[in-house]
Every structure is written in structure tokens, then in C-alpha cells.
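Student: Hi! I have a new structure open and would like a walk through it. Can we go step by step?
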There are 2 protein chains.
Amino acid sequence: MYDKTLAFWRANQDPFLEGLKEFLRIPSISTLPGNEVEMKRGAKFVADELKALGMDVSIVEGNANEHPLVYAEWLGATGKPTLIVYGHYDVQPPEPLEKWISPPFEPEVRKGVLYARGASDDKGQVYILVKVLEGYFKTTGKLPINIKVLIEGEEESSGEHVERFVRQNPKKLAADAVLVLDTGMYAPGRPTITTGLRGLICAEISCQGAKADLHSGNYGGVAPNAAIELAKIIAYVTTDSGNVRIPGFYDDIIKPTKLELKAWRRLPFNAEDFRRDVIGSPTLAGDKRFSVHQRIYARPTFEVNGISGGFSDEGFKTVIPAVANAKVSMRLAAGMNPDKVAASFERFIQSVTPDSVTCTVQILSKAPAVIADTGSPFVKAAAKAQSEVFKAETLYVRRGSSIPVAGTLQSVLSAPVILTGFTLPDCNMHAPNENLHLSNFYSGIEAIGLYLALLTE
Amino acid sequence: MYDKTLAFWRANQDPFLEGLKEFLRIPSISTLPGNEVEMKRGAKFVADELKALGMDVSIVEGNANEHPLVYAEWLGATGKPTLIVYGHYDVQPPEPLEKWISPPFEPEVRKGVLYARGASDDKGQVYILVKVLEGYFKTTGKLPINIKVLIEGEEESSGEHVERFVRQNPKKLAADAVLVLDTGMYAPGRPTITTGLRGLICAEISCQGAKADLHSGNYGGVAPNAAIELAKIIAYVTTDSGNVRIPGFYDDIIKPTKLELKAWRRLPFNAEDFRRDVIGSPTLAGDKRFSVHQRIYARPTFEVNGISGGFSDEGFKTVIPAVANAKVSMRLAAGMNPDKVAASFERFIQSVTPDSVTCTVQILSKAPAVIADTGSPFVKAAAKAQSEVFKAETLYVRRGSSIPVAGTLQSVLSAPVILTGFTLPDCNMHAPNENLHLSNFYSGIEAIGLYLALLTE
């Protein structure tokens, strides 16, 4: 029975790739205003694929300015467990466009690697799930367990729609476990379960000095420079080692366990190779009292994601900028309370704002960190399925990134979360030349396929 | 004789305005790459006007990437003094476009005020000169004194072409005095001679951390953030009171004389009105040990004119920026050596750059401050002509802005510089809604006209 399904997955790799390319051609950038048509196309693509399998599918529209989500279920496996699988069809903006070797929304395979925005984050992984289900339906007419599918369109933006949907539908979404297909492999050939994610606060700081941009000759010396004052505020948020001065920032952190710290020390990792090949900066940043893994997995950060003010086009304009803006974010470690941190951040920025300018702080989103239950049989089965397919021991790591809805699903459904996926460290998520190794795409289908089979035991 | 010319100026105000509007419609933005066609149109407009008067006119082409300048002369006033008059036909970029009430290159008169980019800086003043000359030629067939006209197209950019032209042609340009028509009136109804200008250094700082933008979740805690590091560098250049930490920055400043300080204290000025109506910021910035006039006229500054890095478009992108840039400039007080300051600035930026990023500093332009000889009869005649036309005492002030070529003309031609003009403090130079009061445009023609007549005495 399983052999027939496995054969189907292996025989259909080419059409699977073509289908994924079609999905990737849709520029479903959720943070781009006015992009509603492409967002609806993204949702419809997923819904149509699942409908074609005979699943019960609905496209759930949100409020104005929200993007639709896709919910599907098949509950025909009486007496078997129910798994809800989460993914997202929205993608990050592709800028800077000039750094892409092939255009972001024209998928191209080069040397066994598929390049496109969303290839790994997260369309490729959503499509892995769809093809797993297709294999079972087409070869057996059913699924080995009960499956609920929840694919949202706001993971890269507010995520408000799916948050509300989950909170309002605990019975409809009830499941024995939550599979979040939005993480990746620690290293090539090393299947990986993610046991923790950082939380995230996104915010915008806007500083205003003079009422309008002023001539730096006529007013330089008396007019406040919004760009300089914003720089001073930003500069003051962190110490030279990147530690954050916001009061109480580190108070509630739950430290990683000794077992976790030991596992992280055993990961195949060389800090100097990592610096040179992955980061590429003269030195690594951050607090040297903590290892690279600790800093990424279990310590909070403050980042400027974008800064702007004055005249930055080609040429030169001797203005004193009246306004300067920074888009900023904070990654939160396990234990940190996003509401508390956001409030302290706002107070802190106001407290360090000089008299000559006014600053507004807008909190755009807040999500707590997530910690998985590594003792759950659903986690153990995922590790086993992946070890068999990839023929390698499954690693347990945390990740520094954030999937806000994972925490919500875990708490609302009171179910263990399994975080896994098949991207690689060089997949350029959120950056130019995002990619997915085709071998991982195909093996990912087999690994998730085997996982569903193992859950029947 | 003079009455006939004066009558001509008064009778032709409407056609003069139409002619100026035509001039202002040319988007001669010198810092905009690829704008050669419009720059040539700007130069040709000026040259054609002067040719039509019967002057000997040449358009002087520069090197590749330089803009043409216009040189014209009429030397038929044997035994009379020779005045060389400087102005510029290039303008600042108009951005931010959305803040203009009427489009920057579609001149519009509202309530007696002409709005357009370049209306006051400096096309309106160049056109005043042209119409003065036209009045004399059309009513008397000649000019009262010998006139050389030098109108460049790079005042808002490098100014390299006119610098070289002046240095290479000291005999051709020889004159008894230099009239720089590129400053303005201290207050409405108060004619003004400018006795000093600040110097200017323009530069760009570029910081690079990681080799590419990185996901702030996956790499936050170890990847340097170029925007934060640039903010820290910028923040460190100035103290909270705006004083500059660059070593030696204040060493060579020539302090204003007691007479100047006394004159500045007597200017019709209220700091609180100035803060509220002109600057519009919560408080004024700068070193409170010095008066507002001292800070603008006689103290150096450091400004960020533009800052950029990461993702600043609409929406949000959780990247760690690999690169961040700042366009910066320094206004120099009298006595400061631009070469020495620029070199010290470069060393200083490198010395405060953290190990995790690399910074490059590019010096784009350098010009010293200028101090005028208030004892010169050419300066006194200018003050007298303006007092008569405006029926008010002429004020002597300095300006905080810079006209690099003024210093070069003064030193190469060994001639006194007269800096004057007819713009007002609310003319929005370098900002949206730049404007020129039509009453000053018309009175400016009469004042410069009378000045030429007075110089025959």
C-alpha cells in the first residue's frame, strides 16, 4: 500500500516541479499595499489544488486589508489521530531586485536548485504537503490519518487574520498535534526538528524635528536634524556588544536546559566558517559570553530593519531632514512577555528622545516565543520518518526566527507542535536568490508522507 | 536717462514675469544623473537672452559629466569700472514632490508670490540681472559700466567646471569687483549685504556588515546590523549640543569681530518667533553658548543630509541590512581649512568604526568660507542703491550657506566680493514650495539697475 504511494511520488517529480513553479509565479507579497489580486490568486491556487483531491476546502476571507486563508479537512480515518498542518502562501518583498540572478517571480532551476521568492519560505513546503496528500488520495483513495490544513496569507505581515481564526474556532481546528511546515534542515542531509522559536515585535519609530526639510546652510546650527537625532536614539538602544538597554528586557528569559546546551555544542558547526561563508562580515556581532547558537536560539535582539530620512537618491541635496524613520524589530527569547516588552520599549524610546524632536513609536505586531514538547510521540514519529528517508540521525535544534501562529495553535488547541521542514541554511529566505534544493523538495514529500503513515501506529 | 530705463523696467513687469516662468520650467537639476539635455536647455536659455541684447556670449562646455556655463561680456564703457556678476542656472532636486502645492517645474503665482524650484535659488536672481541689462540696452543702447556675466550650472553639485574656468582665465575675467547674486534679504523690506559665507564639505559614508541582507530571525544576535552600526557612528560624530568630535575641527576658526557681533544683536530677530515660525521644532538645536546668529553665521556644523539602509518601502521586511549609507556635510566657519578638516573627518570615521563592519568615506566636494571687505566702495554703493529702492537701511549680515565659487573669484581676481540678493527667509530654498515674492523680483531689478548707475560715479 505505502509502496504504491511512494512510487507515485517518485514517478511524478517533474509534474510536481512544474506545479510548484506555477505557485511561485504568483507574487503574493502580503506586506505590499494594493496587492489584493495576487493574494487572492495565491489563496485560490492552494484551494484549487486541495479541492482537486476531493478535500472539503474553504477560502476564508478576513476583514478589509486582511488576506484570505485556506482551510481544508479530510476526516475519513475513523479512530486514527488528527493532525492539523500549518503553512503560508504569502512571501516577503523581493527587493533589492537588482541582486537576483533570475527574476524573483520567474522560477528557474540552476544545478538542481530552484530559485524564486517563496521557494523555501513557504510555498515549497506548502506544496510538499499538497503532493503528499495527492499521493495518498490518488493511490489509495484516502489518507492514513485525519488531516486539517491551514494555509494563511499573512505570515510575513500582521498574521492577524489567522490569529483570530484560530482563537475563534478551537473546536473546528481541534487536533492531536500541530505540524508547522515552515522551518528547515540544520545542514545538508541532516533532517531537523525545531524545538523552539523566538518571538517577535515589529515597530516603527518616526522622528520629526523642523516642520519641513531646511537648507543646511541657512539653518545648520539651530535646526534639529531628525536623521542625526534618530541615529542617536537607535545608537542608544543597544550596547557595543548588541545587548539591549530597554529596562526589564532580559528579566523573564527562560534559559535553555543543560541538555539543549549540550546538543547545540555537538551540532556540526564551525564559527569561523559560519562567519566567512554565511554572514560574510569582518567579525561576528553580539554578546561573546554566549555561543553563536545561544545568541540565535535563546537570546533576544534589537534590529533596525530599515532606516530612512532626508535625500538618499542619486546626487546630493544639502537639506536638514525634518523627518526620519526606522522600521525596527525585536526577537524575543522564551519567557519574554511581548506586551510587557513592547510597552517598555515605547517608554524607553520616549525617555531617550531629545527635546528638539518628537518621536512616535508604533507597535505593528507582537508574538511570543514557542517551545516544543520533545517528549511527544508526534515529535518522535516526525524524527523517525525523517531519519529513515534521509538516512541520517534527526537533529533537535531551536531557531532564532518566529512563527507567531505556532504559539497560538499550541495554546488554543492544547496540542503539541512539531516544527520541521526541508530548507537549507543557504536558502536565502527574506533575501535575494531565495531557493530550494530539488532533492530536499522530493525527499521532503517522502518524509512527510512516511510521517503520516507512522502516525497510524 | 536713468528715468527712461527705470520706466522701461516698470512698464515691462508682466513680460519679465512670463520670461522668468519660461526659465523656471526647465528642470535643470545639476545633481540628477542623465539630465544633460535639460542642463543644456538651461544654459541656452540664459545665453539666448544675453545674445538678444547684443552681448558677446559663449556657452563653455566642460569635461564629460560637467555642465556648460555661460560667459558674456560688454566692455564698451571706456574709463568706467568693470563688474563681473555671478549666478547659476542649475537648481536643487525637487523631492519630496508630494509636498509641493503646485508642481516644482510649473511656476504658479499665488497672492503675489511665484512658486517654482529655482524661483529664488538662483534663476530669479539671474533673471533680475538679465532684465537690468535689457533695460539699459533697450533704452540707452549701452550699459553704464563694463559688465562680465558668469552663470554656471553646477552650484548645487560639484562646481568643478566653474572653479577650473575661473582659475584658468584670470585675465579674461579680470574685474574691479565681483557681484554674487545668490543671497537674499534678512527680512521683508530690509535690503541686505552678506559679508560672509560658510564653507562646505560634502561626503558619503557607506557601511557594510554581512555580505548580503540576512533574515533577522535566523541571524539576529550574530550578524552585524549595518544600519545600527552606521547610526552609532553618526551618533558619535556630534555631542548632544551638536558640537563636532572630529579632532581639530574648531582649531582654526576666525571669530567674528565685536562690531559684527554687535550688528547681529541689533538685527530684527526674536528667537522664539524664529523657532516657531521658521524652524517649527519643539526647541532649537545647537550649542547654547552661542547666539542663533553666531551658530548660523560663524560656527561649523555636521549634518546628515540623507540616511538609508535596509527595507524602508511600505510594508515590513525583517532583514538585517548588509549595507547602510549616509550623505553628510559639514559647514565650515571662516578660517577652517577644508582639506585639513576632510582628512581629519575620514580618519575619525575610520577610528570609530566597529570591527564588525567596514566603512568607506568618500569626500564629494570641499570649499572654504568667504569673508567680504565691507570697506570697499563697491560694497557701499550696493548698500546705497538698495536703501534707495527699498527705502530702508541696508543690513550687513553673514549667511550660514556656502557659495564655493565666491571664494575662488575673490582670490583669483583679487577683487572685493559683493554678496546680495532679493530672496526672503521663507523662500524655501532647497525645500518644497520654493518661491520668490514678485515685489522683490521687480524691486531687485531696480536696485541692481541703480547700483550699476551709482558705480559710474
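Student: Which residues touch the most other members of the largest nonpolar core?

Tutor: They are Val178(A), Ile418(A), Val178(B) and Ile418(B), in a core of 288 residues. A nonpolar core here is a set of buried Ala, Val, Leu, Ile, Met, Phe, Trp, Tyr and Cys residues joined through C-beta atoms within 7 Å. A residue is buried if 20 or more other C-beta atoms lie within 10 Å of its own, exposed if 12 or fewer, and partly exposed in between, with C-beta atoms placed from the backbone. Before going on, note that this is a predicted model: local features need pLDDT of at least 70, side-chain atom pairs count only at pLDDT 80 or more, and totals for chains, interfaces and linings use all residues. Residues are numbered from 1 along each chain as its sequence is written, while chains are lettered from A and ligands numbered from 1 in the order in which they are written.

Student: Okay, and what is Val178(A) in contact with?

Tutor: Leaving aside neighbours within four places in sequence, Val178(A) is in contact with Ile84(A), Tyr86(A), Leu409(A), Gln410(A), Leu413(A), Ala415(A), Val417(A) and Ile418(A). Contact means that the C-beta atoms of two residues, placed from the backbone, lie within 7 Å.

Student: Where does Ile84(A) find its bridge partner?

Tutor: In β7(A), where Val178(A) is that partner. Strand β7 (residues 177-181) of chain A runs parallel to β3(A), joined to it by 4 bridges. Strands (E, at least two residues) and helices (H or I, at least four) are DSSP runs numbered from the N terminus, and two strands pair if DSSP finds at least two bridges between them.

Student: What about β3(A) and β6(A), how many bridges there?

Tutor: The parallel pairing of β3 (residues 82-88) with β6 (residues 146-152) of chain A covers 7 bridges. Leu83(A) faces Ile147(A) there, and Tyr86(A) has Leu150(A) as its bridge partner. As for cover, 6 of the 7 residues of β3(A) are buried.

Student: What order do the strands of that sheet have?

Tutor: It is an open sheet of 8 strands in chain A, β1-β2-β6-β3-β7-β18-β8-β17, with mixed pairing. At its edges stand β1 (56-60) and β17 (395-397), each with a single partner strand, so one side of each lacks a neighbour in the sheet. The twist averages 25° from one strand to the next.

Student: Which helix lies across β1, β2 and β6 of chain A?

Tutor: Helix α3 (residues 36-52) of chain A does, running at about 170° to β1(A). Helix α5 (residues 160-168) of chain A also touches β1, β2 and β6 of chain A, with its direction at about 35° to that of β2(A). Axes are lines fitted to C-alpha atoms, for helices over the stretch in contact, and angles run from 0 to 180 degrees between N-to-C directions.

Student: Switching topic: what rotation superposes chain A on chain B?

Tutor: A rotation of 180° with 0.0 Å of shift along its axis, giving an RMSD of 0.1 Å. That is the relation of a two-fold axis. The same surface serves both copies, since 99% of the contact residues of chain A recur in chain B. The superposition is by least squares on the C-alpha atoms of residues with pLDDT of at least 70 in both copies.

Student: How many residues does each chain give to the contact?

Tutor: Chain A gives 85 residues and chain B gives 84 residues. On the chain A side, the largest share, 9 residues, comes from β12(A). β12(A) pairs with strand β11 (residues 301-310) of chain B in the antiparallel sense over 5 bridges, and Gly310(A) stands opposite Gly306(B).

Student: Last one: is Pro93(B) buried or exposed?

Tutor: Pro93(B) is buried, with 23 other C-beta atoms within 10 Å. Its place is in the loop between β3 (82-88) and β4 (108-110) of chain B. Not counting residues up to four places away in sequence, Pro93(B) touches Phe311(A), Gly315(A) and Lys317(A) from one chain, and Ile29(B), Thr31(B) and Leu32(B) from the other.
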